Amino acid sequence: MGLIWGIDLGGTKIEGVILDPAQAFAPICRLRHPTEKAQGYLHIVERIALLLQKMTAETGHAPTALGIGTPGTLDPSTQTLKNSNTVCLNGKPLKKDLEARLGIPITMANDANCFALAETKMGIVAEAYPEAKVVFGVIMGTGVGGGIVIQGQILQGRHGIGGEWGHNFLDESGGPCYCGKVGCVETILAGPASERFYHGLTGEKTKLKTIVSRHESGADPYATQTVERLLHFFGKGLATIVNILDPDVIVLGGGVGNVDLLYTEGVREIEKHVFNPRMETAVLRPRLGDSAGVFGAALLVATSHE
């Protein structure tokens, strides 16, 4: 296999990478530029094309196929994008339009799937649990998402929503979700959700990192209430995933994944609700950081040939 190309399409930036499978997927080029989504859908298509032109000019190589990680999901039935917070993409045939514009085949998956694939193939799972057959990648940041990798392949699912645990019901106390339902996982475990809960208790707006620090200092009972709530529902939410999917490994990404307590007390909370006398699923920090999305996009090309 030759060089593989990936694009991570974000709301504020578009990032591209070229990986060399012959050199343990070492990156030989990595560029980014602003998405400029305010200028609309067709402008984003042209921004992707422009980034590839810049990468070609820098390396002297041209792509023969492309993997793209997207906000939202390509609907398998309509072949249009859905569930994207870059709303101008929703309802648009992004894959078809890009293939026509670029003249190459494209493999597409959402950003959480790309995260899970990268950590499985190149990141912490490859390093610590190379024998893992089932991996669940979690994104807990401003929203909550997930991706499933089985035997090295992404599980997209019939509707293209495989792994989207963020919109399972968790508890009514989360309140309304933007998706139209109430009490979704995202309304409780996303970073802003805990910050809203703390604000409701204290009237103070502050970041989750500060709330966790105050809890650990033992000086703020409202911070402790907020963190204990986060840990409790983290356990309930992920126990459902373990009971259904029974993964070998769970990798936690996103800003909330930086909370150290998730890997100790949080794991114990999962274990309380798992339908088994013990929990052997490893819960790990990611290794690739911000690189996971774009590396995973490129790996879509490699896995499509396996």
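Reader: In which helix is the place of Glu216?

Author: This is a predicted model, in which local features need pLDDT of at least 70, side-chain atom pairs count only at pLDDT 80 or more, and totals for chains, interfaces and linings use all residues. Residues are numbered from 1 along each chain as its sequence is written, and side-chain values use heavy atoms, with hydrogens and water left out. Helices (DSSP runs of H or I, at least four residues) and strands (DSSP runs of E, at least two) are numbered from the N terminus, and the place of Glu216 is in helix α7.

Reader: Is Glu216 buried or exposed?

Author: Buried stands for a relative accessible area under 20%, exposed for over 50%, and partly exposed for what lies in between, with a 1.4 Å probe and protein chains only. Because its relative accessible area is 51%, Glu216 counts as exposed.

Reader: Within an arc of how many degrees do the buried residues of α7 fall?

Author: In helix α7, which spans residues 208–217, Leu208, Ile211, Val212 and His215 are buried. Seen down the axis of α7, these buried residues line one face of the helix, because they fall within an arc of 95 degrees. The arc is that of the directions from the helix axis to the C-beta atoms, whereas on the other side of α7 Lys209 and Ser217 are exposed. The value asked for is thus 95 degrees.

Reader: Which helices are included in what covers the buried residues of α7?

Author: Contact here means heavy atoms within 4.5 Å. In helix α6, residues 191–202, lies Ser194, which touches Leu208 and Ile211, among others, when residues up to four places away in sequence are not counted. What covers the buried residues of α7 includes α6 and α8.

Reader: Is Ser194 buried or exposed?

Author: Besides the residues already named, the contacts of Ser194 include Ile188, Thr226 and Leu230. Because its relative accessibility is 2%, Ser194 counts as buried.

Reader: Which side chain of opposite charge is nearest to Arg229?

Author: Arg229 belongs to helix α8 and, leaving aside neighbours within four places in sequence, is in contact with Ser173, Gly174, Ile188 and Phe197. Lys and Arg count as positive and Asp and Glu as negative, while His and the chain ends are not counted; a salt bridge is a side-chain nitrogen of Lys or Arg within 4 Å of a carboxyl oxygen of Asp or Glu. Arg229 is buried yet has no salt bridge. At 5.5 Å, the nearest side chain of opposite charge is that of Asp171.

Reader: With which residue does Arg214 form a salt bridge?

Author: The structure holds 12 salt bridges. In the one formed by Arg214, the closest N and O atoms are 3.0 Å apart, and the partner is Glu204. The pair links distant parts of the chain, 10 residues apart, with Arg214 in helix α7 and, in the loop between α6 and α7, Glu204.

Reader: Which are the edge strands of the open sheet of 5 strands?

Author: Two strands pair if DSSP finds at least two bridges between them, and this open sheet, with mixed pairing, has the order β10-β9-β8-β11-β12. Each edge strand pairs on one side only, and these strands are β10 and β12.

Reader: How many bridges join strand β8 to strand β9?

Author: Strand β8 (residues 134–140) and strand β9 (residues 144–150) run antiparallel, and Met140 stands opposite Val144 in β9. The number of bridges that join the two strands is 7.
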